[in-house]
Amino acid sequence: MDDQHAEEQPQYPAERRAPVQELQDFNFRPVAWPDVRVPGSDQDQEDRPSLIPRAFQERPGVRLAYLNTVIGNVFGKQSVQAATDALNNQLNCMLLEGVLPEHPRPVRHLLSAKRRLGIDADQWITQYAICPECWKHFTPAQLKELPSPECTVPDCQGVLYDEHTDAKGKRVRTSKKIMPHVSLIGSLRRMFMRPGFAKSVRDSRQDRPGQNEDEDYVMTDMHDGMLWHELETNTVREIGELGTVRDRPQDNQPATTKLTEHRYGLHLTLNIDWMGILENRPHSSGPIYYAINDLPRDQRFLQVNVICAAIMPGPKEPNVVQINHCLEPSTRELLELKNGVKMDVYGEEELADVFADNEALACDMPASHKCNGTAGHSHDFHPCAFCDVDIVKINTPEGYNNSWTNKDDYHMLRQSFYSKDATPARQEAILRDHGVRFSILNVISGWLPSRKSALDFMHCIFLGIISHLFMRVLFGGYMLSGMGGVNSPKRRFEDIINAVRWPSHVTRLPKNLGENQSLKKADEWRRLLTITPVILWWSWRDANDEIPDTEPPLPPNIVAPDFSRNCRSLYKAILFLCTGVRILASRTISMAQARTGQSFLAHYCLECLQLRIPLTINHQASMHTADMIKKFGPVYAWWLFAFERFNGMLERVHHNGHDGGRIELTLLRNWVQTHLIYEYLLALPADTHSFERDQINRIIKVQAQDRGSMMTQIAVYQSEAAEDNVRLPLRNAKLINLRAYGSPQGVFYPILLQYCHSLWPDLHLVGDLSCNNGTPFYANKVARALTYIRKDGIRYGCTMNWRTHADSFAFISQGRTRVPVQITALFVVGVLDVVPHVCAVVRRLVSDDDIPAMPWDLYASTLGIHVSYTELGPQEVVPVSWIECPLALIPVHSNVLKKDLWITVSFDHVSLQTVITLVQRSQKICRQGTNLKTI
């Protein structure tokens, strides 16, 4: 009978079925949704906040009174009573003048004023009472309905609340621990009511899936990854009697619908991380972020476009069971969004169906393992969430030669659901044998714990592998010791680090890096790796500017490390690392380039093993980077720098230091209030008085001072001139007299005239003192001098302005090559009615073939390193669109030439052409029977 029932099971597309099992499963049943109420479910329909502030129906003077009251309370530190009194005073003044409207009747309390303005964050936040032991969630309404304070989860000994009698004789229940949440669906409803938001959401209905199957197809964002077109909607997850997990169309439909088939099908990235909030005692808070990948990359990681769904309370980080309960509310909402939710959309008359799915879990390695239910990265048998290597293979070639087998997601799901209802002893056995525990994310149809977990490039590479190289190998192996006095490798290392001339936007490295060798930020390790080939050459070089094939002397009374300390061998390995990371961190990348970068990383690890350098799980995990790029697109689109910046913003929020989730409530209020203020500003009516706009801008400026980056984010809707990704200063530049400008005076007039003559040949430009026929190029009417420009978000200055002189060096593109230059001046030139043109006067850094070969020359184009004399060529004019990237300038002295040199290093991600050249070169070498190891 069981066999007959199994044969009656409907068949579904092969790509959605689990791998063939030894036993055919039967009696499939839907996986139960999380047993939790979603945020905002306690509110009645009439009590829910409006998407359009009700204050817009009131007089501008009343709204201004509300704003003044809120500013006094939130930023002026006024008490609730003092702010309320101030509001009443303003309204009474209007009443005496006879201008106070009777309808709608103005409110006279601070809290009511916030709600009228739509900027009361508490209206959108649900304060769940959570069990202090298992962290099971209860809404405020559920807390009142509980028969006793004991937790309702079986075998949990937690106590949920204290009960006492208030001053009015009423029994009140106070939660021992709370966790604030924001509705994912409610946040999306507000976002879709923002002007322009819906238009910014990518429409993927016409996209062609699987384009990166072509190895040379250049991926620019996450929509080029394989997973973008694999996500499905209107599906249900089922589990059979034998534990087999499958996803099928809902309501027995013949086929599923792709997420990309919907106009508003949102691909979400889930990030969870912990941060230290208090300075006087340990306290880790854990925000839960959702980023919308369908927004353009430059808008995706603005704070106002990222949903902070909840913040997990401290003081300790939660365990796997507790994290599951923390994720239950947003997971339940994701299950609703998988089937579509009707929402109002700004500018559209009819309700739109909005769908969403969790495309990627992007966290650091410990958080990722906790969230997807896999064993920790120090597990003996299952340290990697993506393949079957064990802890021993991390230090053998087997971990780096593609001999591993990828994880089977459906096997992991089966074991995960076995673990859900098993005894603690059985759960430990499943974890030991299969490397998996139950995760609440597994109830989402289409979720695959290994395939949809992204390897965190930032922590794995910058805070993992690069930190290991410097701390364990270079510093720990005494490769930069102080033996030798002023000429020691350590002294050279410090001197060259301190001599680097950095662009102003680049994170500076500590001056005493030779002594204080620990860097805290991933961006610092990233900057250090960029210049590593140069600083190690300078630290180790001999009298002939070559890296010696010897080991540096050890300090006295030091036991020699177990690995080889040969400078030349180690330098060759490090070049592989620098080149591989440079390629893989590219903003645009093809799979051919990604596999080349992966090959360099693998060769670095294999070289380290030959040098007997012990490796870590980060080295082995990095072998999956190319696979991640295949699934998610360039790492630049999904790495965690933005989320780490969000944590830094929350760390600077003022709070009262109270435990029990009260700190986290303050942080989430701040986040939500930022969204609400932004939305209020976008929704202001066209006839809004300037006084009201000034007050809103005042709030923005205060927040920018407190938290650093909101002013930059507000630029998404403030107007700036933009062309070819070039943005000009907001303040209009004044016309200058080219004959009196520059040093010597008038130096720019003839070269600008010549440039504009070739730019606009139809105008037949002639000098303003010329007698020839043509359009006069008046020296005092055609050019405006700029202090700086921004291209691709990066500021470039010029030597004519001392405030921006530090940003005057850059690389410009000339055909297929890059050339380092110094920018002398920046101009906007215009003649008659022609569209003004932005150009730069530059001087090239002089270089020739007499400069001796450097040890990085084979990879120089990929590493972005250029060597030149300390001389500048003649001035020339180029369009600012030629400017490619800023650079770091490192002054050195050549022992061979007996001259000073400038070594310039580009500070962007590697350009497409240089990587293609490197790929072609590598393929040619391989065809000749040579591998990268022998280069």
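**Cores, burial and cysteine pairs**

The largest nonpolar core has 157 residues, and those with the most contacts inside it are Phe462, Leu474, Ile531, Trp540 and Trp856. This is a predicted model, in which local features need pLDDT of at least 70 and side-chain atom pairs count only at pLDDT 80 or more, while totals for chains, interfaces and linings use all residues. Residues are numbered from 1 along each chain as its sequence is written, and side-chain values use heavy atoms, with hydrogens and water left out.

User: What makes a set of residues a nonpolar core?
Analyst: Its members are buried Ala, Val, Leu, Ile, Met, Phe, Trp, Tyr and Cys residues joined through side-chain atoms within 4.5 Å. A second, separate core of 56 residues includes Tyr128, Ala352, Ile440 and Val443.

User: Which residues does Trp540 touch?
Analyst: With contact meaning heavy atoms within 4.5 Å, and residues up to four places away in sequence not counted, the partners of Trp540 include Leu474, Pro489, Arg492 and Tyr571.

User: Why is Cys131 called buried?
Analyst: Buried means under 20% relative accessible area (exposed is over 50%, partly exposed in between; 1.4 Å probe, protein chains only). Cys131 has 0%, and is therefore buried. Cys605, at 1%, is likewise buried.
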